[in-house]
Amino acid sequence: MSILLSTKANAMHAWRDALLAEDSSLDIRLFPDAGDPAAIEAAVCWTQHDMAELRRYPNLKLIVSMGAGVDHLMRPPGPPPGVPVARLKDVRLTTGMTEWVLLNVLRFHRQDMEYRAQQAARIWDELPAPETTKRRIGMLGLGELGSAAARVLLSLGFPVMGWTRNPRAMPSVQCYSGTDGLAAMLGRTDILVCLLPLTPETRGIINGASLGMLPRGAYVINAARGGHVVAEDLLAALDSGHVAAAALDVFEPEPLPADHPFWGHPRVLVWPHAASITIPSSAAPQVVENLRRAREGRPLINLVDFTSGY
Ligand code: NDP
Ligand code: OXD
């Protein structure tokens with residue numbers, strides 16, 4: 001089976017080496033040097049790869065997308081019809097995200113921004129001690145990433161709530177779904193964490209109306225996709241003090257334009273879409289497992305559901 005590998009230039013060789021470490025017999029072709037298009041049976045690629053280009057390979061049996069988010073696959077023209085697409089569910093990607101969520105929850109909870117401001121002014125002053133059991137975390141999405149972060153936050157004593165598309169139960173987490181459920185959760189949320197997939201239903205979900213439902217002084221953390229946030233509405237909520245601060249890893253467009261107000265906003269922490277980065281050696285085993293399954297005609301794992309859009 002010949003495999004087309006296409007990712008960012010700086011990750012290409014690490015991915016090839018990681019896949020070969022799992023199966024040295026793989027014939028990996030680095031895009032754009034695909035060779036005979038008829039020989040390509042699987043494509044392992046990421047967001048920069050043009051889905052229209054994949055229509056060149058008449059014998060394609062599998063596409064593996066090298067990340068968790070699949071919104072780029074939902075845009076026209078989409079993957080070639082009839083070719084199954086798998087995403088990654090990877091422990092290192094998940095722990096990376098948990099670390100990033102924890103970092104920002106704790107920064108806000110432990111008044112780090114206030115203490116840094118005091119440091120800049122050489123002020124030695126103790127602020128009131130924050131109460132963990134009273135800082136309510138509202139998770140938008142309790143999937144692979146959201147549920148893992150929720151478990152760690154719970155273990156520290158934070159009350160955790162979660163909002164999902166399908167009603168669900170998770171031990172010790174107050175679960176909500178639907179429009180009413182969202183409003184109910186937002187009204188009780190001190191720190192909002194977005195780990196939703198970007199779909200037509202979730203685009204712009206962090207907007208003036210939803211931010212207005214948060215208690216005054218709430219915090220916003222977005223590591224999902226920039227399209228979840230209506231930037232002008234978040235800026236207005238920050239400027240009015242309704243939202244105390246935001247940690248943002250993802251933007252629309254990316255890179256965040258140099259003149260965007262988020263860059264210089266004193267209450268915004270900007271990250272360059274680096275909350276969690278796929279580590280090829282960690283993710284390669286599941287990719288190779290799917291390549292074997294495709295070759296042997298066995299059921300694939302981690303398939304993207306094009307009906308739900310994630
Ligand atoms: P999953 O598909 O595992 O989970 C998605 C969660 O969102 C599920 O709980 C799902 O509900 C919920 N959801 C989906 N649609 C809706 C809706 N309309 N209303 C309410 N809840 C909804 O995704 P992951 O946890 O793996 O990843 C989440 C996102 O994180 C990715 O799509 C990607 O955009 C982003 N990401 C960002 C990274 C970064 O570095 N910044 C790295 C990796 C991912 P249900 O349980 O009912 O299905
Ligand atoms: C992903 C990402 O979706 O890195 O995996 O954003």
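A polar contact is a pair of N or O atoms within 3.5 Å; within protein, one atom must be able to donate a hydrogen and the other to accept it, and residues adjacent in sequence count only if both atoms are side-chain atoms. Keep that in mind for the first view. This is a predicted model, in which local features need pLDDT of at least 70, side-chain atom pairs count only at pLDDT 80 or more, and totals for chains, interfaces and linings use all residues. Residues are numbered from 1 along each chain as its sequence is written, chains are lettered from A and ligands numbered from 1 in the order in which they are written, and side-chain values use heavy atoms, with hydrogens and water left out.

**View 1. Ligand 1 and its polar contacts with the backbone.** Start at Leu145, where a backbone N or O atom lies 2.9 Å from an oxygen atom of ligand 1. Next, find Arg165: one of its polar backbone atoms is 2.9 Å from a nitrogen atom of the ligand. At Ala223, a polar backbone atom sits 2.8 Å from a nitrogen atom of ligand 1. The protein buries 92% of the 940 Å² that ligand 1 exposes when taken alone (areas come from the Shrake-Rupley method with a 1.4 Å probe; for residues, only the protein chains shown count as cover).

**View 2. The shell of residues around ligand 1.** How many residues surround ligand 1? There are 27, and the closest are Arg87, Asn166, Ala223, Asp249 and Tyr310; a residue is near a molecule if one of its heavy atoms lies within 4 Å of it. The shell divides into 13 nonpolar, eight polar and six charged residues. Here Ala, Val, Leu, Ile, Met, Phe, Trp, Tyr, Cys and Pro count as nonpolar, Asp, Glu, Lys and Arg as charged, and the others, Gly among them, as polar. Helix H5 (144–155) and strand E7 (160–164) each supply at least two residues of this shell. Helices (H or I, at least four residues) and strands (E, at least two) are DSSP runs, numbered from the N terminus.

View 3. You will find Pro32 in the loop between strand E2 (27–30) and strand E3 (40–45). Pro77 belongs to the loop between helix H2 (71–74) and strand E5 (85–86).

**View 4. Arg122 and Ser172, two residues with positive phi.** Although Arg122 is not a glycine, it has a positive phi of about 55 degrees. Look for Arg122 in the loop between helix H4 (112–120) and strand E6 (137–140). Ser172, not a glycine either, has a positive phi of about 70 degrees, and it lies in the loop between strands E7 (160–164) and E8 (173–177). Are these residues buried or exposed? Arg122 is exposed, with a relative accessible area of 80%, and Ser172 counts as exposed at 63%. Buried means under 20% relative accessible area, exposed over 50%, and partly exposed in between (1.4 Å probe, protein chains only).

**View 5. Cysteines in a structure with zero disulfides.** A disulfide is a pair of cysteine sulfur atoms within 2.5 Å, and this structure holds none. The closest cysteine sulfur to that of Cys194 is in Cys175, 16 Å away, so the two are too far apart for a bond. Cys194 is buried, at 0% relative accessibility. Cys45 is buried too, with a relative accessible area of 3%.
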